[in-house]
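Hi,

Here is the structure I promised to pass on. Have a look at it first, and my notes follow below.

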Amino acid sequence: MNEKLNHEATESSTKRMIKNMGDIEQKILIVDDEKANRKVLKELLQDQATIIFAKNGEQAIELAKKHVPDLMLLDVIMPDKSGFEVIEEIKNDPVTMAVSVIFITGLANSDDEERGFDLGGCDYIYKPFKANIVIARVLMHLELIYQRKMLDSIAHIDALTGISNRRKMDAVLVDEVAANKRDKKQLLVAIIDVDFFKQYNDNYGHGAGDIALKKVAATFREVLKRPRDFAARYGGEEFVMILPDSNLDGAKLVMNNLMQALADKAIIHEHSQVSRYLTMSIGAVLIDGEQSTSPEQVIGIADRLLYQAKRQGRNQIVVETFFKTQAAV
Ligand SMILES: Nc1nc2c(ncn2[C@@H]2O[C@H](COP(=O)(O)OP(=O)(O)OP(=O)(O)O)[C@@H](O)[C@H]2O)c(=O)[nH]1
């Protein structure tokens, strides 16, 4: 709607930057059918975040899915879809459901405002708006979103190694097992255990053990290349690796590269019974999407294969495909 906008912001307010936000880039999707409104909001907010525009409801949904913005400033009365219809779609799609939505609308009455909050909006601003109020509210929400993201990442990171922790792994495994079934692909899940690590700790000290575990974690960063490839510290000296949309040859290659990457680090372990250097054993299962299975079952199989690798002499990979054939690589 083409309401008259009061957008005279002071220089200091438009230049105010969110404190402690480091290099994190935040994105705002501005949805308004009036070009003049989009322009004014852009001028107010372009110092605070990257701005994306949509000029109608359909485009808003499309761009929200594509860019997954942190925040959406959403007009309500638009020719195709209303802002209320847009937010319903946004909040029902797992990809966009976490996007925060502020309504900016000429529907300046408490019933519509209540409806906006009921549908999942986080704020409601009446047009014509005062520039400083828009900036203050947007900044407040961007800061809350940032803090939420920081807390979320801290809760999912292993403090020693900096890779994901078991809590994150549990969530990723549930998602990937479901996606594998849905997409009828193959999923590799591996448990990786450092060999004779108790002897390493006992002989070189716990501090040296910690450094060695960080180096093991670094091998995953070096070897895993695809965006959905995932590694986590499972606990102690055990790690889990998840390779979605995999096949046996590709998975074997990654696992061999992992063992080679650790070998290249040449971490001396004179008390190991298999090598002069630190080594790892891997138990892995390649799950076919047609095979009905649960995350717990997958971990149980990988764990059994890890112990087989240990029993067979350590420093090796044991992989099982589709729960049927077993092969030492
Ligand atoms: N330095 C350090 N050591 C850890 C950490 N978490 C677990 N450990 C040690 O990892 C060792 C695991 O020992 P075991 O479970 O006997 O395994 P292992 O000696 O590697 O034996 P195999 O797996 O059979 O080759 C123990 O000494 C733990 O104290 C950690 O965060 N830092």
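Two things before you dig in. This is a predicted model, where local features need pLDDT of at least 70, side-chain atom pairs count only at pLDDT 80 or more, and totals for chains, interfaces and linings use all residues. Residues are numbered from 1 along each chain as its sequence is written.

Back to residues 185–322: the span is 44% helix and 25% strand, and its end C-alpha atoms lie 12 Å apart. (Helices, H or I of at least four residues, and strands, E of at least two, are DSSP runs numbered from the N terminus.)

The ligand has 17 residues around it, with Asp195, Phe197, Lys198, Gly209 and Gly236 the closest; a residue counts as near if its C-beta atom, placed from the backbone, lies within 6 Å. β6 (186–194), α8 (197–204) and α9 (206–223) each give two or more residues to that shell. By type, the shell has five nonpolar, five polar and seven charged residues (Ala, Val, Leu, Ile, Met, Phe, Trp, Tyr, Cys and Pro are nonpolar, Asp, Glu, Lys and Arg charged, the others, Gly among them, polar).

α8 and α9 pack at about 135°, axes 6 Å apart (axes are lines fitted to C-alpha atoms, for helices over the stretch in contact, and angles run from 0 to 180 degrees between N-to-C directions). The contact involves Phe197, Tyr200, Asn201 and Tyr204 of α8, and His206, Ala208, Gly209 and Ala212 of α9; contact means C-beta atoms, placed from the backbone, within 7 Å. Those residues divide into five nonpolar, three polar and no charged.

At the other end, UniProt's unreviewed entry has "domain: Response regulatory" at residues 27–142. That stretch is 46% helix and 21% strand, with end C-alpha atoms 9 Å apart.

Two backbone details to check: most residues other than glycine have a negative phi, and most peptide bonds are trans. Val68, not a glycine, has a positive phi of about 40°, and sits in the loop between α3 (57–67) and β3 (71–74). Lys127 and Pro128 are joined by a cis peptide bond, omega about -5°.

Cheers

Technical notes: Two residues are in contact if their C-beta atoms, placed from the backbone, lie within 7 Å. UniProt positions are given in the numbering used here, feature names are shortened, and annotations may be inferred rather than shown by experiment.
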